[in-house]
Amino acid sequence: MKQTIVVLAFLLLALPGVRAQSPRTITLDEAVKLGIDNSKQLRQSKNKIDEALARLDQTKDLRLPSAKVSFQYLHALMLARTLNFPGLTQPGKPIELNFDFPAYLGTLAISEPIINGNQFKYARQQADLTLQLTRLDADKDKDDVTFLIISAYINYNKILQNQQIVQRNIEDVEQKLTEINKYESQGLATKNDVLRFELQKSQIELQQIELENNRKDANYDMDIMLGLPDSTQLTINDFNYRLQEQPVFSDLLTQAGANRRELQDIAFQDKITDIDIKKLQDGKLPTLAATAGMYYINPTGKPIPTDHTVLAPITLGLGVSWNIGSLYTTKNKVREVEAQKKEIQTSKDQINDDIRKDVHTAYLGYLQALDKIKILQVAVAQAEENERITESKFQNNLVNTTDRIDAQTQLYQSRVNLEVAKSDATIAYYNMLKSTGNVHL
């Protein structure tokens, strides 16, 4: 029997989901690092950077000479089978051709631009600016992910702290329930008094169940966000609330002007339109290219020709082209880009206004959260004193059970409100940092 019990216990521990998971204590720094390392959004941002790098390399390839080779087998049926070339054939002796005329034709052509109106340089500059824009977007994505992880971490800590408060409240109620049962046995309390304390305990236990369900849900979401096994139980020790900061609004605006990605993004777009204008202006210039070619002409129809039956001329030359129409069609294209440049400037002004309002709202939100904490700290002290006085009166039969329970409930709720306010203020602090474009721990 003992052996059977040992085997069953071993099998139960070996089953998935039955094996106990040891809690993992995680700090905010560790959570942010894990979240960034495992973020699908940031992986996608990296893929976009790799794509922009590839486009930049493509612009560098434009400097390489273009080369093209082709080889054809032709089978022609000659409707006209005699040819006369003045100066090449004797009068009355034309060249006779076969009706069935197979041939092989091969070409190799190489071209290297010499003068191309700086088009290659501008293409490379635009690709480089696009790469920098992509990296800016990736930095913004990283800030967004960091803030998301911080918010999730603080909200999870909020649940844990509320659970501790609820647990202390249950312990207090159980102690009071023990006392009231004793008083009832001595005839100093009624059965109704006992029922009221039991009802209070039941209500708190319901809150405890709801909090535990919220904790499990938040724990599961955190595991996925951080790339941990979804059965990992997370705990938090010694969380550092950000309640002592003294931000200066003008400093926040300065930081936002230097760090907000939207402003940097619009600056790069402005540079790109400047390059577009230069490209259009240079498009009016002629282009010059060096060319080389080699031709293989085999009219015998045999894959391996005999002597003196193959033509293989080599050509070298310079080619000049000039789109004269661009002299009078470019100006309207330039006007379009200049209009886009004005739109960008207007957008920049609008973004500046939006950033100022964003920073101001976040700044006031943090200050308001700090003021709320001060009031709630006073409320907790008042609730503690009220609970102490009510307990003393209850012991002396000066207040009824309802008053006693109400005092304890108010103390419990004031403690919960204070804990929530501390977490909300810390989130407001990081949101204020986010409004400056620089989320950091």
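The model is predicted: local features need pLDDT of at least 70, side-chain atom pairs count only at pLDDT 80 or more, and totals for chains, interfaces and linings use all residues. Residues are numbered from 1 along each chain as its sequence is written, and side-chain values use heavy atoms, with hydrogens and water left out.

**View 1. Ser-321 at the end of its strand range.** Ser-321 belongs to strand S8, residues 314-321; helices (H or I, at least four residues) and strands (E, at least two) are DSSP runs, numbered from the N terminus. With a relative accessibility of 42%, Ser-321 is classed as partly exposed; buried means under 20% relative accessible area, exposed over 50%, and partly exposed in between (1.4 Å probe, protein chains only). When neighbours within four places in sequence are set aside, Ser-321 is in contact (heavy atoms within 4.5 Å) with Pro-286 and Thr-287. The side chains of Ser-321 and Thr-287 also form a polar contact of 2.6 Å. Such a contact is a pair of N or O atoms within 3.5 Å; within protein, one must be able to donate a hydrogen and the other to accept it, and residues adjacent in sequence count only if both atoms are side-chain atoms. Arg-55 is 266 residues from Ser-321 along the chain, and their C-alpha atoms are separated by 27 Å.

**View 2. Strand S5 and its antiparallel partners.** Strands S2 (residues 66-77) and S5 (residues 100-115) run antiparallel and are joined by 12 bridges; two strands pair if DSSP finds at least two bridges between them. Ser-70 stands opposite Thr-107 in S5. S5 is also joined to S7 (residues 287-298), again antiparallel, by 11 bridges.

**View 3. The buried face of helix H2.** In H2 (residues 28-37), the buried residues are Leu-28, Ala-31, Val-32, Leu-34 and Gly-35. Seen down the axis of H2, these residues fall within an arc of 165°, so they line one face of the helix; the arc is that of the directions from the helix axis to the C-beta atoms. They pack against strand S1 (24-25), H4, helix H5 (191-226) and helix H9 (401-435).

**View 4. Thr-146 in helix H4.** Thr-146 is part of H4, residues 119-185, and is buried at 6% relative accessibility. Apart from neighbours within four places in sequence, its contacts are Val-32, Ile-36 and Val-439.

**View 5. Aromatic pairs.** The structure holds 9 aromatic pairs; rings of Phe, Tyr and Trp (its six-membered ring) pair if their centres lie within 6.5 Å, with planes under 30 degrees apart counted as stacked, over 60 as edge-to-face and the rest as tilted. The rings of Tyr-366 and Tyr-429 have centres 5.6 Å apart and planes at 55°, so this pair is tilted. It links distant parts of the chain, 63 residues apart: Tyr-366 in helix H8 (residues 326-395) and Tyr-429 in helix H9. Tyr-366 is buried at 0% relative accessibility, and Tyr-429 is buried at 7%. Tyr-429 also pairs with Tyr-430, with centres 5.2 Å apart and planes at 70°, so that pair is edge-to-face. Tyr-430 is buried at 3%. Elsewhere, ring pairs link Phe-71, Tyr-73, Tyr-104 and Tyr-296 into a cluster.
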